[in-house]
Amino acid sequence: MQRIQTLSAMLANQIAAGEVIERPASVVKELVENSLDAGAIKVDLDIEQGGMRLIRVRDNGGGIHPEDLALALNRHATSKIHHLDDLEQIATLGFRGEALASIGSVSRLVLSSAIENSTGWQVATQGTELEPELTPAAHPQGTTIEVHDLFFNTPARRKFLRSEKTEFDHIDEVIKRMALSHSAVSFTLKHNQRVVRQYRFAHSDAEREQRVGSLCGLTFIENAVRIETEAVGLKLSGWIALPTFSRSQADLQYFYVNGRIVRDKLVSHAVRQAYHDVLYQDRYPAFVLFLDISPQQVDVNVHPTKHEVRFRESRLVHDFVCRSLQDVLAKIRPGQSEVVPVSLADMKQHGEINTAEDQKKNNVVLQGSLGQEFNHSAFAAEGMSVSRSQRGDFAPKRVGFVPHQHNMPLKVREQMAVYGKLHEDVSLSNVAIAEKETTIPPLGFALAQLHGIYILAENAAGLVLVDMHAGHERVVYERLKKNLAEQKIVAQPLLIPLTVTLSEREANCVEGQQEVFQKLGIRVERMSPESVVVREVPDFLREGNVEQLIRDMVSDLLTHDQSSRVDEYLHHLLGTVACHGAVRASRRLTIPEMNALLRDMEKTENSGQCNHGRPTWTEMSLQELDKLFLRGR
């Protein structure tokens, strides 16, 4: 029988290194975090052979006191926490005091440092239990740590390392994440004596935006919206990409909590929920977001590598992130950029201003498939002002993936939602008075219709191409959502109550979340330890799969402490109705009807995409058109 014994300090450190030090990039992460915690504003890294031969991190931080140098290599030795209360309000990136001890147990480590107005000192360890010896060394204020021959004494670990290029790519990604969250710090990264990355200090908003562009790509920053909002003790800032700048994978998603990058299921769910109404299927949003929250409200001591956190008020954080992103996305309107004046002659030429006689001809009521009539007033004589966002120009550049929208044959009558009174009676005298204040709207004026599918329009920048079905679908969809939001959900009793078998844990969740179900118009009661009975559901759910809905909602409540399944199901129904009620491809519209649709799109939230996430319009500037025909060469 094996007897219980205490492990040696070196073996304990090597076991800890297995949790913290996965590869060279893990070493870089721990060392750079220590530099940032020390107040460094300049961090230089020298990497050789992907970090397997050498990792050198030099900073200009506060340094380490000579008497603490040898102690810094001991396990659980740290200057960042002293009492249990400190653990509940961690404001630093590191705090456990395990990194240097773990790194020193699997490498040949040299630690040199100097504090202000003092000479430098140095300690070294060779991956053994021998006490490190303190020796003087010429060193400016700050700290330098050299890690040689990583995993030299653990060959099994070294075999799992990848190629030199792969390991360096992981290091490059670590520095990229650090540079995104610490814009006031300068980073220099060398590989095999060659400068690969150099990120200079960024203090102003323009410099920070430039750094984000250099790290995430200029196309990201050109298609990103700046966000900065604060409420209930939470602050969210950063950049979120337009829905048209979606990705095939989640490779451009960076979320920071108090400067620490995290991978959190709660946050991921909040972001997905914010984008679900505007993102094309199987696509991922791109974002760089920073959440500032009181350290007492977040627990960072839940993962060995500190990649995960736990929020004390998880539902509050989820709702704040989701609502903040939804509000920003909803405020994006077509072509939020500069506008130019337009004359009365231009408006009449494009069918935008009609005389009473013209209106009489065009005042046709088109019956929609919903049996409703909508009266749309076209662009009136008063000028339309287009506000600039915090970032300046939100006009989509339409780069990267742009899904195509094809004909949508529907098994309903070929009708479109009513565009009845396209224009209010506007006398020419009133128009003449407002002529000088009138501006060209973002989507411009309709010129023609292409194959009964696309609207060709002219705006101040150049040519605008609009998918009329997709655009009208979003207009109808948002109107239906607004009308529904103004009505209270009415629950309808089931003729035969539905019994749903669940686990005891799931049944306890249903019993404890009665308020959530009641708000959604669902009355569900506990019938036995492992079953519940559904007695009432909203009218629009009576034909749906109620049992599966209950199971999905319980799963969401257990995982995220909330569920949006009913809203998603309802929006899906509204999307189907809007798709059937929108003007169909091959439907011929008059110029005034096309202009009325363009004006409605400019006033509608999320009008850059239909409710399936497909783009509704794109733009080609005169400069782009000139390039096509080699003009000016």
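**Entry: basis of the model**

I note that this is a predicted model, in which local features need pLDDT of at least 70, side-chain atom pairs count only at pLDDT 80 or more, and totals for chains, interfaces and linings use all residues. Residues are numbered from 1 along each chain as its sequence is written, and side-chain values use heavy atoms, with hydrogens and water left out.

**Entry: overall counts**

I count 21 helices and 22 strands in the protein. Both are DSSP runs numbered from the N terminus, helices being H or I with at least four residues and strands being E with at least two. Of the 633 residues, 49% are buried. Buried stands for under 20% relative accessible area, exposed for over 50%, and partly exposed for the range in between, with a 1.4 Å probe and protein chains only.

I recorded an accessible surface of about 31,600 Å², 49% of it belonging to carbon and sulfur atoms. The areas come from the Shrake-Rupley method with a 1.4 Å probe, and for residues only the protein chains shown count as cover. Among contacts with a separation of 6 or more, 74% are between residues 24 or more positions apart; a contact means heavy atoms within 4.5 Å.

**Entry: the eight-stranded sheet**

I traced an open sheet of eight strands in the order β5-β4-β3-β6-β2-β1-β7-β8, with mixed pairing. Two strands pair if DSSP finds at least two bridges between them. The edge strands are β5 (135-137) and β8 (194-199), each of which pairs on one side only. Direction ignored, neighbouring strands of this sheet are turned by 15° against each other on average. The axes are lines fitted to C-alpha atoms, for helices over the stretch in contact, and angles run from 0 to 180 degrees between N-to-C directions.

I then followed the pairing of β3 (108-114). Strand β3 pairs with β6 (142-148) in the antiparallel sense over seven bridges, and R108 stands opposite H148. Five bridges join β3 to β4 (120-125), again antiparallel. The hairpin of β3 and β4 has five residues between the strands, and N117 in the turn has a positive phi of about 55°. Strand β4 pairs with β5 through three bridges, antiparallel; here the bridge partner of Q122 is T135.

Which strands does helix α2 lie across? I found β1 (42-48), β2 (54-59), β6 and β7 (186-191), with α2 (24-37) running at about 10° to β2. Helix α7 (164-181) lies across β1, β7 and β8, at about 175° to β7.

**Entry: the four-stranded sheet**

I found an open sheet of four strands, ordered β16-β17-β18-β22, with antiparallel pairing. Strands β16 (445-450) and β22 (617-621) stand at the edges with a single partner strand each, so one side of each is left without a neighbour in the sheet. Neighbouring strands are turned by 25° against each other on average, direction ignored.

Strand β18 (462-467) is joined to β22 by five bridges, and G462 stands opposite S621. Helix α15 (468-485) packs on this sheet, touching β16, β17 (454-458) and β18, and its direction makes about 70° with that of β18. Helix α20 (591-603) also packs on the sheet, touching β16, β17, β18 and β22, with its direction at about 115° to that of β16.

**Entry: helix α11 and A330**

I examined α11 (314-331). Its 18 residues reach 26 Å from the first C-alpha to the last, close to the 26 Å expected at 1.5 Å a residue; the expected span is 1.5 Å times one less than the number of residues. Its buried residues include V317, F320, V321, L325 and V328. Their cover includes β9 (224-231), β10 (234-241), α10 (265-275) and β13 (287-292).

Is A330 buried or exposed? I find A330 buried, with a relative accessible area of 11%. A330 touches E605 and N606, not counting residues up to four places away in sequence. The C-alpha atoms of A330 and S607 are separated by 8.6 Å, although these residues are 277 apart along the chain.

**Entry: cysteines**
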